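Reader: I'd like to go through the aromatic contacts in this protein with you. Could you show me the sequence and the model, please?

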Amino acid sequence: MTHIHPFRRIAAAALIAVAALGVTSACTKDDAPAGNAAAAAGTGPEPKTIDGAKAAAQTVFDRFSGGDFAGAWDMYTTAGKAAISQADYVKLNQACSRKGLAIQLSSARMDGTDKAIVIAKQLVATQSYTMVYENNAWKLQPAPEGLALYKLGAVKAIAAQKKAGTCAGSGA
């Protein structure tokens, strides 16, 4: 996620939660391209192509929206992982995410050789995300807003989202 489009606060927060708090579709098939990208990571480097970036992004989106927050965190960049522990990431998303809402990749473009910008849609909101090629695999780079939220730790981040009315688990 590179920026937030002008949406209502809740829609924007949902996107931040998706991108920053994990970014992702309710179910995946084992033979889906996203699954193939995940499988490819175990057999060698992922393709350093737009198709490789798109497949990895959809895998992150699928994991997140399916409630596999630990799996989504695993696909974060080093900077994303440094901002929040996996345990805090899971706790934050269990409390505040809008899991179960599919995130569909709509387009993507390369931005240099090690970065791709992917555009995804959840409900009526469209958002851009940044994928970075790091350690022979495509990883999601959380937006600056997400990184700032993560650095608060789970308890404070949940409180901040509840105060802003953006924590889905709080009835917002």
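Author: Gladly! Rings of Phe, Tyr and Trp (its six-membered ring) pair if their centres lie within 6.5 Å; planes under 30 degrees apart count as stacked, over 60 as edge-to-face and the rest as tilted. This is a predicted model, where local features need pLDDT of at least 70, side-chain atom pairs count only at pLDDT 80 or more, and totals for chains, interfaces and linings use all residues. Residues are numbered from 1 along each chain as its sequence is written, and side-chain values use heavy atoms, leaving out hydrogens and water.

Reader: How many aromatic pairs does the structure hold?

Author: By the ring-centre rule of 6.5 Å, the count of aromatic pairs is six.

Reader: Which kind of pair do Phe-61 and Tyr-129 form?

Author: Their ring centres are 5.0 Å apart. The planes meet at 55°, so the pair is tilted.

Reader: Are Phe-61 and Tyr-129 buried or exposed?

Author: Buried means under 20% relative accessible area, exposed over 50%, and partly exposed in between (1.4 Å probe, protein chains only). On that scale, Phe-61 and Tyr-129 are both buried.

Reader: And which kind of pair do Tyr-89 and Tyr-150 form?

Author: The centres of these two rings lie 5.7 Å apart. Their planes stand at 75°, so the pair is edge-to-face.

Reader: Which residues form one aromatic cluster?

Author: Tyr-89 and Tyr-150 pair edge-to-face. The cluster is made up of Tyr-89, Tyr-150 and Tyr-76.
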